[in-house]
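Please keep the sequence and the model at hand while reading.

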Amino acid sequence: MKRVSFVALCVVALSVVLFSGESRMAEAVTCNPTELSPCLSAFTSSSPPSAACCSKLKAQKPCLCGYIKNPSLKQYVNSPNAKNVASTCGVTYPKC
């Protein structure tokens, strides 16, 4: 009886480990600056961000420091307008 309980416990523990690993993998973000294209007009002017922009900005938040460090992207992502867009969208602007 103890052996059956031990095996059942091992199966449950293994299942928890496997499923928790899958959820972390699903949460991984692929950094792609073109994902922020819905935000371009808001970044370059004083127009308010769209819902699509806010959604993409939230999804790409882990990538923002990399974008800020990229000389080609820095002018867009580190502008005062971009910081206002982040604030409007409820995204904490990173300190890199």
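Which handedness does the link of Cys 54 and Cys 89 have about the S-S bond? With -70° about that bond, the link of Cys 54 and Cys 89 is left-handed.

## Basis of the values

This is a predicted model, in which local features need pLDDT of at least 70 and side-chain atom pairs count only at pLDDT 80 or more, while totals for chains, interfaces and linings use all residues. Residues are numbered from 1 along each chain as its sequence is written, and side-chain values use heavy atoms, with hydrogens and water left out.

## Disulfides

Counting pairs of cysteine sulfur atoms within 2.5 Å as disulfides, the model has 4 disulfides. With the bonded cysteines numbered in sequence order, the pairing reads 1-5, 2-3, 4-7, 6-8.

The sulfur atoms of Cys 54 and Cys 89 are 2.0 Å apart. Cys 54 lies in helix α3 and Cys 89 in helix α6 (residues 80-89), so this pair ties together parts that are 35 residues apart in sequence; helices here are DSSP runs (H or I, at least four residues), numbered from the N terminus. Cys 54 is buried at 14% relative accessibility and Cys 89 is buried at 6%, where buried means under 20% relative accessible area, exposed over 50% and partly exposed in between (1.4 Å probe, protein chains only).

Cys 39 and Cys 53 are also joined, with their sulfur atoms 2.1 Å apart, and the torsion about their S-S bond is about 110°, so this disulfide is right-handed. Cys 39 is buried at 0% relative accessibility, and Cys 53 is likewise buried at 0%.

## Salt bridge

Taking a salt bridge as a side-chain nitrogen of Lys or Arg within 4 Å of a carboxyl oxygen of Asp or Glu, the count comes to 1. Glu 35 pairs with Lys 56, the closest N and O atoms being 2.7 Å apart. Glu 35 sits in the loop between α1 (2-26) and α2, whereas Lys 56 is in helix α3 (residues 51-59), 21 residues apart. Glu 35 is partly exposed at 28%, and Lys 56 is partly exposed at 32%.

## Largest pocket

A pocket is an open set of points on a 1 Å grid over the protein atoms alone where a 1.4 Å probe fits, with protein on both sides within 12 Å along at least five of seven lines, and lining residues have an atom within 4 Å of a point. The lining of the largest pocket includes Pro 33, Leu 40, Phe 43 and Tyr 76, and α5 gives the largest share of this lining, 3 residues.

Notes:
Helices (H or I, at least four residues) and strands (E, at least two) are DSSP runs, numbered from the N terminus.
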